[in-house]
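Here's a quick briefing to read alongside the model. Have the viewer open and follow along.

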Amino acid sequence: MSEILNESIVALELGDEAAGGYNPPAASRTWYHYLLLAGAILFAAVSVGFVGTIFWSSLPTWLHHAGTLLGGKGWASPLGPFGGLAMITGTFETSLIALVLAVIVGLGTSIAIVFLIPRRFRNVIATLVELLAAVPSIVYGLWGLLVLAPWMETTVNPWLNSWPFAKAIFGNPGQEFGTSLLLASIVLGIMILPTFVAISREVIAVVPQDLIEASLSLGATRWQVIRGVVLPTAKIGLFGATFLALARATGETVAVALVAGGVANVQFHLLYPGTSIAAWIATVFGESQGNEIAALMALGVLLMLLNFGLSLVSRWLVRRQRRVLALV
Amino acid sequence: MSDMTEIQEPKEVGNEMRGEIRRISSHSRARRLAVSRMMIALCAIALLVSAVPLVMLLYQLFKQGLPVIDKAFFTTLPSTPSLIAPNATGGVSNAIVGTLALTIYASVMAIPVGILVGIYLAETESKLASSLRVIAQTMAGAPSILMGLFAFSFVVRDLNVGFSAIAGSFALAVLMLPVIVISTEIAVRNVPNTLREAGLALGAKPHVISLRVVLPASASGIVTGTILAVSRAVGETAPVMLVIAGGFTNSWKPFDPVSALPLSIYENAKSEWPSLRAQVWGIALVLVVFIFVLSLSARIWASRKQQVKN
């Protein structure tokens, strides 16, 4: 447990298990107690206000245009109709592909950090991972737009289109700027990688040494130990890390706004430009008025529900993992 | 696993055991070793692959960022390039002032409340405390664009403040608050109960124990968490871009529109002018260095205090 808390990212993402605390008897409640309580109530008010205000501002859309927002395809500024289907599908496409990329690379990275890197370098690696996570998303977006997008345009897109099979899947947008849903997925994958690695590394590192040694002593190879003992033991926590990374990916805003192309089309060919919920809010909010703002707020409500749901599930999974390990 | 079992002679079970191992693992040892080496090598490759973007990103930042940074970059206001003077980008002093102003106002709003709530969560046990804990953890992961929507509807529109630094710093404060709450709670919880009990035994009142014993003992953790929250807020674009309106003057006034470093990156990166797209690397470099210094100092602070404790 103490090892988990040493990692500031992990501690912030997951928090600590509640352990005790005390309630002073009513007689000894002083001004200090009420000061703390006032702070807590203020925080509760801010949180309720946060959810309430956004929901309240989106109410006109939910009352009159809920169907259009959830299933409509076009976004016609400034008068509507405002269809959100393109943003919803875009969010799922980009974040799921990003997740697949990040989980494949991230799981390998975590295993390599725990089982290949000598113990004394681990702190250095942990610091590097934290620094990667600290790079603001706008910088990833900038890098994606000015470095990766031209490279996609001149190299990757023609290469993918030279294969008929890949062309059928990814589509051939012809002259575009290189910004596309695929690029957004790649940049997102790079961005959520540190979050996933930080948590999955911890989850893997706390698998009890006894289990690993028992398995080694039976003649298992290193990979057999990892596949047969470490990963199954850490499974629930790894799912937690995955869900948390997915939550991160769905909420990512400016990077996607810069590299996805910012076009509100329902698009399953990944080389075409698209957008996501968060990116679309960032892109059009500045010029919107009245009903359009309400529609954007409604998109915000969708994003909030998605994100809160994912992060509650992931926290529940990681907490279950800790309980499982406490039993071993 | 914990029971002490008698050590058995290997020869008694040798052949049976061998058969058993064969049965469980149907492949020869050579093949299992080969598979193992291959998979471990793949993991090592994954480690290298995940390092590639960081190296590429930092390389581009320094290679393209350093040349555009000079004295004028920090001290002059931005100007729009024209056909006559395509390289007249000016500096980004408005964004630097704006970012500092936004961060300071947001810290003033968020840090006191965050520390109070953190202590409350650590020191009391109630339904309110446990639900606030869940709320803080959920809010800490909430998409930052939502803080912008909140600040817009509440501060800009409902309170009728308009697009201003105060609205932007409100959004950042909402972003920082849960981070400070969680790290304060962890820091306060890590203070050993024996210290509190010693205070109680001496007859100290709860607030005296909290202020004179627990807070000094947990100060390093609180400071670390607060610096991390600040460094996260400094780089955020989404919450401020909806509410600060990108002012073009060096203004510290809370009710003026201001700019911010992340916002100028966003605007300049989309610009048609090559000179502005070149300048944007300098802004990004300044921002990243600032954030790295903040978060490294938080880490060093935390590890030094850890050593003192041990």
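In chain B, 6 residues of domain 1 touch 7 residues of domain 2, where a contact means C-beta atoms, placed from the backbone, within 7 Å of each other. This is a predicted model, so local features need pLDDT of at least 70 and side-chain atom pairs count only at pLDDT 80 or more, while totals for chains, interfaces and linings use all residues. Residues are numbered from 1 along each chain as its sequence is written, with chains lettered from A and ligands numbered from 1 in the order in which they are written.

**Domains of chain B**
- On the domain 1 side of that contact with domain 2 in chain B, you get 4 nonpolar, 2 polar and no charged residues. Here Ala, Val, Leu, Ile, Met, Phe, Trp, Tyr, Cys and Pro count as nonpolar, Asp, Glu, Lys and Arg as charged, and the others, Gly among them, as polar.
- Domain 1 of chain B covers 21-68 and domain 2 covers 93-309; such bounds come from an automatic or database domain assignment.
- Taken over C-alpha atoms, the centres of domain 1 and domain 2 of chain B sit 35 Å apart.

**Where the chains meet**
- Chain B puts 83 residues into the contact and chain A puts in 82.
- Helix α2 (residues 29-65) of chain B supplies the largest share of chain B's side, at 17 residues.
- Sorted by class, the chain B side that touches chain A has 54 nonpolar, 19 polar and 10 charged residues.

**Chain A overall**
- Chain A has 14 helices and 0 strands; helices (H or I, at least four residues) and strands (E, at least two) are DSSP runs, numbered from the N terminus.
- Of the 328 residues in chain A, 52% are buried. Buried means 20 or more other C-beta atoms within 10 Å of the residue's own, exposed means 12 or fewer, and partly exposed is in between, with C-beta atoms placed from the backbone.
- Looking at chain A contacts with a separation of 6 or more, 77% come from residues 24 or more positions apart.

**Two residues in α5 of chain A**
- A:Gly90 is in helix α5 of chain A, and it counts as buried because 28 other C-beta atoms lie within 10 Å.
- Beyond its neighbours within four places in sequence, A:Gly90 contacts A:Leu181, A:Ala260, A:Gly274, A:Thr275 and A:Ser276. A:Thr275 is 185 residues away from A:Gly90 in sequence, yet their C-alpha atoms are 5.5 Å apart.
- A:Leu101 belongs to helix α5 (residues 85-115) of chain A too, but is partly exposed because it has 18 C-beta neighbours inside 10 Å.
- Setting aside neighbours within four places in sequence, A:Leu101 contacts A:Ile186 and A:Gly189. Its C-alpha is 8.6 Å from that of A:Leu193, 92 residues apart along the chain.

**A helix pair in chain A**
- Helices α10 (residues 209-217) and α11 (residues 222-251) of chain A pack at about 160°, axes 10 Å apart. Axes are lines fitted to C-alpha atoms, for helices over the stretch in contact, and angles run from 0 to 180 degrees between N-to-C directions.
- α10(A) and α11(A) are therefore roughly antiparallel (under 35 degrees is roughly parallel, over 145 roughly antiparallel, 65 to 115 roughly perpendicular and the rest oblique).
- A:Leu211, A:Ile212, A:Ser215 and A:Leu216 in α10(A) meet A:Val225, A:Gly228, A:Val229, A:Val230 and A:Thr233 in α11(A). By class, this contact of α10(A) with α11(A) has 6 nonpolar, 3 polar and no charged residues.
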